[in-house]
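Trainee: I would like to learn how to read a model of this kind, feature by feature. Could we go through one together, with the general idea stated before the particular case?

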Amino acid sequence: DAQEQEALMRVIYQGVKAGKGPDSYQADFLTVLEGMHARGAEVFLLGCTELPLAVEALHITLPTVDPTAELAKAAIRFCGHKVKGE
C-alpha cells in the first residue's frame, strides 16, 4: 500500500543511500516486511540494490532473493564456470 511504499523509500533513500545506520531504518523496513509476510508473502525479492544491504545490516532471516547476486551468478555460469558454494 502507499504507506508501505513510502516507508520502503525512506529505507532506501533516507537510510541506506544516506549512509545511515540500520537503527535509522529498522522500524520502517520491519513494518513493510512484517505487513507483507502477514498478507502471505513467503519470499522477498530485493529489487533495489540498497535492500540487500539493509537485510544484511538488520540480520533479516526471512527468505529473500537478491536479483543482482542472481544475475552475477548467471553470468559466471554463462562463462562456463561454477559459482562458489553451489
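Trainee: How many helices and strands are there in the protein?

Mentor: Helices (H or I, at least four residues) and strands (E, at least two) are DSSP runs, numbered from the N terminus. The protein has four helices and two strands, and along the sequence they follow the pattern α-α-β-α-β-α. Please keep in mind that this is a predicted model, in which local features need pLDDT of at least 70 and side-chain atom pairs count only at pLDDT 80 or more, while totals for chains, interfaces and linings use all residues. Residues are numbered from 1 along each chain as its sequence is written, and side-chain values use heavy atoms, with hydrogens and water left out.

Trainee: What box do the C-alpha atoms fill, and what share of the residues counts as buried?

Mentor: Taken along the principal axes, the box filled by the C-alpha atoms is roughly 45 × 30 × 20 Å. For burial, the relative accessible area decides: buried means under 20%, exposed over 50%, and partly exposed in between, with a 1.4 Å probe and protein chains only. By that rule, 26% of the 86 residues of the protein count as buried.

Trainee: How should I read the packing of α1 and α2?

Mentor: Two packed helices are described by the angle between their axes and the distance between the axes. The axes are lines fitted to C-alpha atoms, for helices over the stretch in contact, and the angles run from 0 to 180 degrees between N-to-C directions. Here helix α1 (residues 2-16) packs against helix α2 (residues 26-38) at an angle of about 140°, and their axes are 8 Å apart. That makes α1 oblique to α2, given that angles under 35 degrees count as roughly parallel, over 145 as roughly antiparallel, 65 to 115 as roughly perpendicular and the rest as oblique.

Trainee: Is the crossing of α1 and α2 left-handed or right-handed?

Mentor: A crossing is left-handed if the near helix is turned anticlockwise from the far one by less than a right angle, and right-handed if clockwise. The crossing of α1 and α2 is left-handed.

Trainee: How many salt bridges does the structure hold, and which residue forms one with K17?

Mentor: A salt bridge is a side-chain nitrogen of Lys or Arg within 4 Å of a carboxyl oxygen of Asp or Glu. The structure holds five salt bridges, and one of them joins K17 to E50, with the closest N and O atoms 3.4 Å apart. K17 lies in the loop between α1 and α2 whereas E50 belongs to helix α3, so the pair ties together parts that are 33 residues apart in sequence. K17 is partly exposed at 48% relative accessibility, while E50 is buried at 12%.

Trainee: What separates E70 and K73 in helix α4?

Mentor: E70 and K73 are three residues apart in helix α4 (residues 67-78), which means that about one helical turn separates them. Their salt bridge has its closest N and O atoms 3.4 Å apart. E70 is partly exposed, with a relative accessible area of 37%, and K73 is also partly exposed, at 26% relative accessibility.

Trainee: Which residue forms a salt bridge with R77?

Mentor: The partner of R77 is E86, and the closest N and O atoms of this pair are 2.7 Å apart. R77 is partly exposed, with a relative accessible area of 39%, whereas E86 counts as exposed at 60% relative accessibility.

Trainee: Which residues make the nonpolar surface patch?

Mentor: Patches are made of residues with over 30% relative accessible area and no salt bridge, where like charges are joined within 9 Å and nonpolar side chains (Val, Leu, Ile, Met, Phe, Trp, Tyr) within 5 Å. The areas come from the Shrake-Rupley method with a 1.4 Å probe, and for residues only the protein chains shown count as cover. In this model V43, L45 and V65 make a nonpolar surface patch of about 260 Å². V65 sits in strand β2 (residues 64-65) and is partly exposed, with a relative accessible area of 31%.

Trainee: Where does H59 lie, and what is its phi?

Mentor: H59 lies in the loop between α3 (50-58) and β2, and its phi is near 55°, a positive value in a residue other than glycine. H59 is exposed, with a relative accessible area of 65%.
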